[in-house]
Amino acid sequence: MAEMDIENCILGRRSVRRYKDGRVPDEVITRGIEMADAAPSAGNLQEREYIIVRDPGIKKALSSAALNQQQPADADVVVVFCADLDKMGNYGKRGTELYTPQDIAAAIENFLLYVHSQGYGAVWIGAFTESEVSAILDLPRYIKPFAMVPVGIPGEVPKPPQKKPLSDKIHSEKWD
Ligand SMILES: Cc1cc2nc3c(=O)[nH]c(=O)nc-3n(C[C@H](O)[C@H](O)[C@H](O)COP(=O)(O)O)c2cc1C
């Protein structure tokens with residue numbers, strides 16, 4: 001696939017929630033995870049963990065845990081982004097409440113941009129019952145699932161979401 005420039009990649013990425021039948025190659029997922037893991041990590045803690053799910057039964061269970069959102073079941077593959085809470089070092093509450101969610105979010109965005117650049121569609125799914133996802137994936141207690149990202153062949157071209165004007169959000173020097 002021709003290279004996509006970074007601005008087009010960032011601006012053209014959409015949450016894709018419908019997929020066509022077809023396989024997303026393993027190399028796209030593993031390379032995507034490599035891109036994800038290249039994101040900044042507080043103190044270089046590298047607490048990120050990734051679970052690749054292709055099994056239809058597990059994907060269906062993930063859909064049910066995601067308040068019956070269909071995308072995990074419908075997509076060819078789901079990547080579950082987790083954190084190893086035992087790797088949080090000495091950052092305490094700030095680590096668990098701020099650094100880890102930011103580390104994971106940075107990785108997810110890299111992953112979404114990479115799969116979009118390769119012509120695949122994905123969506124960030126944060127609405128799920130954590131205890132159910134942990135049970136489905138046999139996660140030990142120190143592994144916390146943060147998001148699941150279904151990936152498939154795009155079956156829709158979503159419209160860009162409405163955005164508030166950027167000029168309302170940018171502040172000069174101090175809050176104004
Ligand atoms: C933390 C987070 C959680 C999200 N959870 C869900 C979700 O559970 N289901 C879903 O369909 N979309 C989810 N989204 C995707 C957003 O709805 C989407 O990014 C937003 O509507 C803007 O659309 P865009 O991604 O096409 O720019 C989530 C996004 C983020 C950042």
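Good morning. I begin with Asp138, which is found in the loop between helix 6 and strand 5. Its phi is positive, about 55 degrees, although Asp138 is not a glycine. Asp138 counts as exposed because it has 8 C-beta neighbours inside 10 Å, and the cut-off for exposed is 12 or fewer. Please keep in mind throughout that this is a predicted model.

Leu67 lies in the loop between helix 3 and helix 4, just after helix 3. Leu67 too has a positive phi of about 55 degrees without being a glycine. Is Leu67 buried or exposed? Leu67 is exposed, since 11 other C-beta atoms lie within 10 Å.

Helix 2 can be read in a similar manner. Helix 2 runs over residues 26-37, and its 12 residues reach 16 Å from the first C-alpha to the last, close to the 16 Å expected at 1.5 Å a residue. Within helix 2, Ile29, Gly32 and Ala36 are buried. Why do these residues fall on the same side of helix 2? They do so because they cover an arc of only 65 degrees around the axis. The buried residues pack against strand 2 (48-53), strand 3 (77-84), helix 5 (92-117) and strand 5 (143-154).

The largest nonpolar core has 37 residues, and Phe81, Val149 and Val151 have the most contacts inside it. Which element gives the largest share? Helix 5 does, with eight residues.

Let us look at Val151 in more detail. Beyond its neighbours within four places in sequence, the contacts of Val151 include Val24, Ile29, Val77, Val79, Val115 and Tyr120. Ile29 is one of the buried residues of helix 2.

Tyr120 has its place in the loop between helix 5 and strand 4. Tyr120 is buried, because 24 other C-beta atoms lie within 10 Å, where 20 or more are required. Not counting residues up to four places away in sequence, Tyr120 touches Val24, Val28, Val115, Val151, Gly152, Ile153 and Pro154. Tyr120 and Pro72 are 48 residues apart in sequence, and their C-alpha atoms are 15 Å apart in space.

Finally, I turn to the ligand. Which residues are around the ligand? They are Arg14, Ser15, Arg17, Gln69, Val123, Trp124, Ile125, Gly126, Ala127, Pro158 and Pro161. This shell divides into six nonpolar, three polar and two charged residues. Thank you for your attention.

Notes. Residues numbered from 1 in each chain as written. Predicted model: local features only at pLDDT ≥ 70, side-chain atom pairs only at ≥ 80, totals over all residues. Near = placed C-beta within 6 Å. Nonpolar A, V, L, I, M, F, W, Y, C, P; charged D, E, K, R; others polar. Helix = DSSP H or I, 4+ residues; strand = E, 2+ residues; numbered from the N terminus. Expected span 1.5 Å × (residues − 1). Arc of directions from axis to C-beta. Contact = placed C-beta atoms within 7 Å. Core = buried A, V, L, I, M, F, W, Y, C linked by C-beta atoms within 7 Å.
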